[in-house]
Amino acid sequence: MPRPISALIHTDALAHNLKRARQAAPQAKAWAVVKANAYGHGVARAYAGLQGADGFALLDIAEAQILRDLGWRGPILLLEGCFDARDLEACSRLDLWHTVHCEAQIDWLAAHKTNRPQTVFLKMNSGMNRLGFTPAAYRGAWLRLSGLTQVESITLMTHFANADITSDGPIGIVGQREVFEATTAELPGARSLSNSAATLNFTDEAVAADWVRPGILLYGSSPDFPAHSIHDWALQPTMTLRCELIATQDLKAGDCVGYGSAFTAPQAMRIGVAACGYADGYPRVAPTGTPVLVNGVRTRLVGRVSMDMVTVDLSAVADASVGSEVTLWGCSPHGAVLPIDEVAHAAGTVGYELMCALAQRVPVLLV
Ligand SMILES: *Cc1c(COP(=O)(O)O)cnc(C)c1O
């Protein structure tokens, strides 16, 4: 028998979450962001649930090729644009739209021989200081691009650093938006500003603009947890990580569990050993107390996460035995739900990181 662990991808939940993005920005077109192998879900599997999107946004040409091979004829956007002049050949061949965020990318376009004029998204650095032209340089970049025969249309784009209002920082969404609007006031073209957090938190039409770019919300994680949960946003989990108990242990008061003996039983108790560890993508730093479902009952991790196992408190799960199902995140077959955000929060990270880290060795089923 294979090791009793699997990940499930919930196609209907992907479609449901896309619908939620559309409800939040009803006038806008929606990119489904499927970078990083669709946030660990698999591009082809995500495509099964997200075909209702207006386009797919990603980083890798190889991922774009997968979508074209699956039959997607609509828009595909490279969110970081070309990494090399030769990438423009793939853009022409696969009909990819691409971001332009620096002068070198304009140089490559100016030298590119094609009879298919390109659709580009011109990125402004409105305060995040990662990618994009500063407001002072933006208009010049736009003029340069609009003079190229290789360019057919230019969409104006920026990205928010703090659209999840929970993260603090001197620049807020209001400030970045003002910079963007002031700089682009005289320029024609469609506009795109919002990631998931902005799409959900700022529903006015100027922020939603022509294209929204939801990623994480599509995958059933709240972009501003713990301020809002997926329940608050009416999102559904799209990934379940599930395994089984492969052993149980009856501990006496004072017995210790696992590497480093990091947990000591305060009284006699039963624990279970579940077939999932950090080599499956479960975060090693998840401490005692991290929530987990056993037979659909919410309980907690005890002791350190090992490479292939975690240990769980069975005090509240009297009927648990070898073979009992354990849901690390997502949907228990018993109906209970454990949002990935709660596990991530306990481990000091975000849902994004956990879903992207799902390990190659875990078999994935599309349900
Ligand atoms: C990843 C990404 C998004 C999606 O962000 P989420 O927080 O996952 O919604 C949107 N826009 C750009 C430019 C991105 O790189």
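## Helices α1 and α3

In this predicted model, helix α1 (residues 11–24) and helix α3 (residues 43–50) have axes that come within 7 Å and cross at roughly 60 degrees. Axes here are lines fitted to C-alpha atoms, for helices over the stretch in contact, and angles run from 0 to 180 degrees between N-to-C directions. The angle therefore makes α1 oblique to α3; angles under 35 degrees count as roughly parallel, over 145 as roughly antiparallel, 65 to 115 as roughly perpendicular, and the rest as oblique. The crossing of α1 past α3 is right-handed. A crossing has this hand if the near helix is turned clockwise from the far one by less than a right angle, and is left-handed if the turn is anticlockwise.

On the α1 side, the contact (heavy atoms within 4.5 Å) involves Thr 11, Leu 14, Ala 15 and Leu 18, which meet Arg 45, Ala 46, Ala 48, Gly 49 and Leu 50 of α3. By class, six nonpolar, two polar and one charged residues take part in the contact of α1 with α3. Ala, Val, Leu, Ile, Met, Phe, Trp, Tyr, Cys and Pro count as nonpolar, Asp, Glu, Lys and Arg as charged, and the others, Gly among them, as polar.

## Basis of the description

Residues are numbered from 1 along each chain as its sequence is written. Because the model is predicted, local features need pLDDT of at least 70 and side-chain atom pairs count only at pLDDT 80 or more, while totals for chains, interfaces and linings use all residues; side-chain values use heavy atoms, with hydrogens and water left out. Helices (H or I, at least four residues) and strands (E, at least two) are DSSP runs, numbered from the N terminus.

The axes of helix α4 (residues 61–69) and helix α5 (residues 87–94) approach within 11 Å and cross at roughly 15 degrees. This angle makes α4 roughly parallel to α5, and α4 passes α5 in a left-handed crossing. From α4, Ile 61, Gln 65 and Arg 68 meet Asp 87, Ala 90, Arg 93 and Leu 94 of α5. The contact of α4 with α5 comprises three nonpolar, one polar and three charged residues.

For helix α6 (residues 103–111) and helix α7 (residues 135–146), the axes come within 10 Å and cross at roughly 10 degrees. Helices α6 and α7 are therefore roughly parallel to each other. Glu 103, Ile 106, Asp 107 and Leu 109 of α6 form the contact with Ala 141, Arg 144 and Leu 145 of α7. By class, the contact of α6 with α7 has four nonpolar, no polar and three charged residues.

Buried means under 20% relative accessible area, exposed over 50%, and partly exposed in between (1.4 Å probe, protein chains only).

Strand β2 (residues 29–33) pairs with β3 in the parallel sense over three bridges; two strands pair if DSSP finds at least two bridges between them. Trp 31 stands opposite Gly 55 of β3. Strand β4 (residues 76–78) also runs parallel to β3, joined by three bridges, and Leu 58 stands opposite Leu 78 of β4.

## Strands β13 and β16

Strand β16 (residues 310–313) is covered on both faces, with Val 310 and Val 312 on one side and Thr 311 and Asp 313 on the other, all buried. Strand β13 (residues 269–274) pairs with β16 in the antiparallel sense over four bridges. The bridge partner of Ile 271 in β16 is Asp 313.

Val 273 lies in β13 and counts as buried because its relative accessibility is 10%. Leaving aside residues up to four places away in sequence, Val 273 touches Glu 244, Leu 245, Ile 246, Ala 247, Met 309, Val 310 and Thr 311.

## Backbone features in loops

Most residues other than glycine have a negative phi, and most peptide bonds are trans. The peptide bond from Phe 225 to Pro 226 is cis, with omega near 5 degrees; Pro 226 lies in the loop between β9 (211–212) and β10 (239–251).

Asp 95, in the loop between α5 and β5 (97–100), has a positive phi near 55 degrees and is partly exposed, with a relative accessible area of 33%. Ser 261, in the loop between β11 (256–257) and β12 (263–264), has a positive phi of about 45 degrees and is partly exposed at 39% relative accessible area.
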